[in-house]
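Me: I am new to this structure and would like to know what stands behind the terms used for it. Please show it, then take my questions in turn.

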Amino acid sequence: MTTDQRSASAAPTRPHDAHGQAWMVLALGALGVVFGDIGTSPLYAIQTVFAIDGGVVKSTPSDVYGVISLVFWSITTVVSAKYVVLILRADNDGEGGIMALAALARRTVRPGGRRFAMVMILGVIGASLFYGDSVITPAISVMSAIEGLTVPAPGLAHLEVPVGATIITVLFLVQRYGTHIVGRFFGPIMVLWFAVLGAMGAVQISHDPAIIRSLSPTYAVLFVADHPFIAFVAMGAVVLSITGAEALYADMGHFGRAPIRRAWFGLVFPTLTLNYLGQGSLILERPGAIANPFFLMAPSWSQLPLVVLATAATIIASQAVISGAFSVSRQAERLGYLPKLTVRHTSEHEGGQIYVPAVNWALYAGVLLLLLLFQSSGRLATAYGLAVTGTFLLTTTLVLIYAESAWGWSTAKLLAVGVPLGALELTYFSANMTKVTHGGWLPLLIAAGVTIVMLTWQRGRTLVTERRTSMEGGLDEFIAGLGPGTVTVVPGTAVFLHPDDGTVPLALRENVAYNHVIHDHVFIVTTLSQNVPHVVEDERCSFEPLPSPLGTITRVKIRFGFQDEQDVPTALGVAQRQGLAIEPDQAFYFLSRITVHRGKVPGLASWRKRLFVGLAHNAANPSQYFSLPESRTVVMGAQVVL
């Protein structure tokens, strides 16, 4: 059995319905994290449709019915059918997000083939676009709620930006406490939010039940047929009603598939539908309500409390993309596309609930900058949608590749699903291309920057590995040269962490060459990041003694999934229980710290070398990354010229 096969079989089948807890608790937590983004779209989606391009979409019955029909069928097709029903099936051992999907697809296609390399490139681009969306979502969500203040109290407009900036700051400050705390606190608020959404819509629909007819797809088709250009422009704003779909998938590892599905179909989808219908009914009843149909749908006495509730809901919307960004970042790092990141686990029960400080503060800086630059949800809407529609297309492509290779879908079935989805999402993407000159360039610029970082790190890491391997030399030849009289054997246990089990750890080579000593118990430990999220304990470690003329030398392999915490001492404790003669709590740990310098070696452009060196210098401390005890960790340096 190959290493990849072992790692695939090692992935535990986690109980998606509960993850060890009652699904109702997880569903409540999912409401507090996963659905915040899509759940706050009613605040600005319909308003933006009727404001786009100076009001090209009118408040006439044909336009209103057409828009509401487009919104409903967009949510039904893209969110319900594609993401909640189809995409959530493609979970990488319970983990979601486009990087996890790309890794899953790569496992099922032929190694070395064209698609093998392509799926990870698509995953990198999709993840980069997700970061672009993650910077805009908190800003537009919070501002759209704060702007509701001007409905009951127009004189407070000057406070919108300061209040928004304060809320954003507090949100990012509390991330360190974890999504399980955030989710449990936000979950009840979101239940109230969705109940209010549904109640507002139902009351307004009772004034004119005829709006329910807009649920028929014929109104969307007629709208497109009668006004193709206007419908095309409108779709650039209609897409705002589904922008939380990718965050929904990326957050799957935090709560599981079944709780997300039950919460969506049991509460979120019905209440969103009622609210959009209600906004359509209000616009037909009072055309002037297109200025802010969400808040104007509420009675005047309730508008200020609604602003408070909406603000809380938009904070939660921001949480959805922040949590998703943490998950995608760790997946990218473990797959070799980002340098080692400091990752803090914030729950003792859910391994997917993490906090990544570097990503948190990078997002905070980007969100705050956008809020201060654009200063209103209307301006932010001009930049919103392009990144997420690009991610939609890439996710569809990847899931179709996976469906063919893993699920055995026929060509006819692939076309039946792929053609309508692809056509719809391509239309959304094309409609949003018109936003490029009005701010849409910003998420594209962010995505391009992240893509360059990821691909540069992956290429630079490959080149550094080649240079380092040539410096280390073969392990068998090194051991054969350890004859009596060449070095002194000293008592103790030395663990050398080393990425290549066929070469000599530089720390070990330097210890022998300059100190002329070797410990009587040497363990060469190689950590392997597998193409699965989790590796079960029984399959985590393997070891073999190596023939040595001095002391004992044992080669140990530790396998981690890309969502596992890479705790080496704990893993060695697992190996000890399996028969490895080691005392992890008494061993000394040796690290070979590689310092990269820019040189004239070919293989990478000069500016990309500068970028790689900067990333390498800011990577997480390896002793902390591998959870090594500081008092028993020795770091020995070496230099590599790139």
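Reply: Strands β3 and β4 (residues 517-529) run parallel and are joined by 8 bridges. This is a predicted model, in which local features need pLDDT of at least 70 and side-chain atom pairs count only at pLDDT 80 or more, while totals for chains, interfaces and linings use all residues. Residues are numbered from 1 along each chain as its sequence is written, and side-chain values use heavy atoms, with hydrogens and water left out.

Me: What makes β3 and β4 a pair?

Reply: Two strands pair if DSSP finds at least two bridges between them. β3 and β4 have 8 bridges, so they meet the rule of at least two. Within this pair, Leu497 stands opposite Val525 in β4.

Me: Which strand pairs with β4 in the parallel sense over 9 bridges?

Reply: The partner is strand β6 (residues 552-560). In β6, Phe560 is the bridge partner of Ser529.

Me: How do you know that β3 and β7 pair?

Reply: Strand β3 (residues 488-497) and strand β7 (residues 588-597) share 4 bridges in the parallel sense, which meets the requirement of at least two. Ala494 has Phe588 in β7 as its bridge partner. β7 is also joined by 9 bridges to strand β8 (residues 633-641), and these two run parallel. In β8, Met636 is the bridge partner of Ser592.

Me: What is counted as a helix or a strand?

Reply: Both are DSSP runs numbered from the N terminus: helices are H or I with at least four residues, and strands are E with at least two. By that count the chain has 26 helices and 8 strands.

Me: Why is Thr493 called buried?

Reply: Buried means under 20% relative accessible area, exposed means over 50%, and partly exposed lies in between (1.4 Å probe, protein chains only). Thr493 has 19% relative accessibility, so it counts as buried. This residue is in strand β3. Contact means heavy atoms within 4.5 Å. Leaving aside neighbours within four places in sequence, Thr493 is in contact with His519, His521, Phe523, Ile582, Ala587 and Phe588. Over the whole chain, 58% of the 642 residues count as buried.

Me: Why is Gln375 called partly exposed?

Reply: Its relative accessible area is 41%, so it falls between the 20% and 50% limits. Gln375 lies in the loop between α17 (357-374) and α18 (377-381).

Me: How do you know that the radius of gyration agrees with a compact globule?

Reply: The radius is taken over C-alpha atoms, and the globule rule is 2.2 Å times the number of residues to the power 0.38. For 642 residues the rule gives a value near 26 Å, and the chain has 27 Å, so the two agree. The C-alpha atoms fill a box of roughly 95 × 55 × 50 Å along the principal axes.
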